[in-house]
Amino acid sequence: VRAGVGEGVVAGALAEVAGLPSHESFRAAAREAQCRAAGGSLRVADGGDAPLLQYEAFAAALPEAERGAGCVRKLQGFLPWAPVVESQVAGSPQLLHVARRLLAALGPEPGALRVWQSLALLKPPAPGGGGAGGGREKPFHQDKAFFNLSPATPVLGCWVALDRAEAANGCMHFVPGLGAGLAPVPHEQARDWQIPDDVVVGCLGKSCAVELDPGGLVLFDSAVPHGTPTNASGKPRRAVQLHLYDPAAAVRVSDAERLETFRGAPRPAPA
């Protein structure tokens, strides 16, 4: 969708995500969630949209007080601190209407939709505005490989560009030759929890870069394989991503079941 979100909403969302890394209430909530995850009482894969503040690798050498928004890789579970994104994107009647229609095509008519996960994906340029060394690659993957939900549970991804997103600064790429029928594709822990490179390489000739202007958005089934390259430009590539689902239609699975499903998924036939 080329202009799914208006200029005013984009400006408000940019201001919100820029301020969150220094927002003490959000930072405290993220620290608490991190401690709960380390103690085993919180699993991000179980949903619930727990707050998370994650920095790029190049921020590791900086004192925490010097890690500004230009060092942040992603924010999660930030909607309570971002009223523009919460009301004008996650709560947009137009978006929810379209999402309901798309989810109905994947399964039963959905009831009230909820946010399974909210992310601000900030992919900054390299420090100093150089080329190589910016926001890191997100290798090709299926979002459902990160969710403790049955692969049959309908989940819809909504990715909204807040900057001009293009190949050079790490726009979304989809690979039509992978995941036929939205079935699980094998994943492994390599640079990330990802589809193995040797599975992807045979389909890269079909890879489609989705370049968007600010406010443009892409809607996709959360089983569709996708990824984003490293930001090799001098410009940021900020985006908001939501995953929407109907809790009444959700079938929960354990960590072990999810990992077994995606580690052991059949390898796609060569393209």
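**View 1. Strand β12 is largely enclosed by the rest of the predicted structure, because 7 of its 7 residues (239-245) are buried.** Buried denotes under 20% relative accessible area, with a 1.4 Å probe and protein chains only. Strands are DSSP runs of E, at least two residues in length, and helices are runs of H or I of at least four, both numbered from the N terminus. In a regular strand the side chains alternate between the two faces of the sheet. On one side of β12 lie Ala-239, Gln-241, His-243 and Tyr-245, on the other Val-240, Leu-242 and Leu-244, and all are buried.

**View 2. Strand β12 runs antiparallel to β3 and to β5.** Pairing requires at least two DSSP bridges between two strands. Strand β3 (residues 114-121) is joined to β12 by 7 bridges, with Val-115 partnered by Leu-244. Strand β5 (residues 155-161) is likewise joined to β12 by 7 bridges, and Ala-161 stands opposite Ala-239.

**View 3. The largest pocket is lined by 32 residues.** A pocket is an open set of points on a 1 Å grid over the protein atoms alone, with protein on both sides within 12 Å along at least five of seven lines; lining residues have an atom within 4 Å of a point. Its space is about 670 Å³. Arg-73, Lys-74, Gln-117, Lys-138 and Phe-146 lie nearest the centre. Elements that each supply at least two lining residues include β3, β12 and α6 (255-263).

**Notes.** Residues are numbered from 1 along each chain as its sequence is written. The model is predicted: local features need pLDDT of at least 70, side-chain atom pairs count only at pLDDT 80 or more, and totals for chains, interfaces and linings use all residues, while side-chain values use heavy atoms, leaving out hydrogens and water.

Conventions
Buried < 20%, exposed > 50% of the residue type's maximum accessible area, 1.4 Å probe, protein only. 1 Å grid on protein atoms, 1.4 Å probe; cavity = no way out; pocket = protein on both sides within 12 Å on 5 of 7 lines; lining within 4 Å. Points joined across faces, edges and corners; volume = space filled by probe spheres on them.
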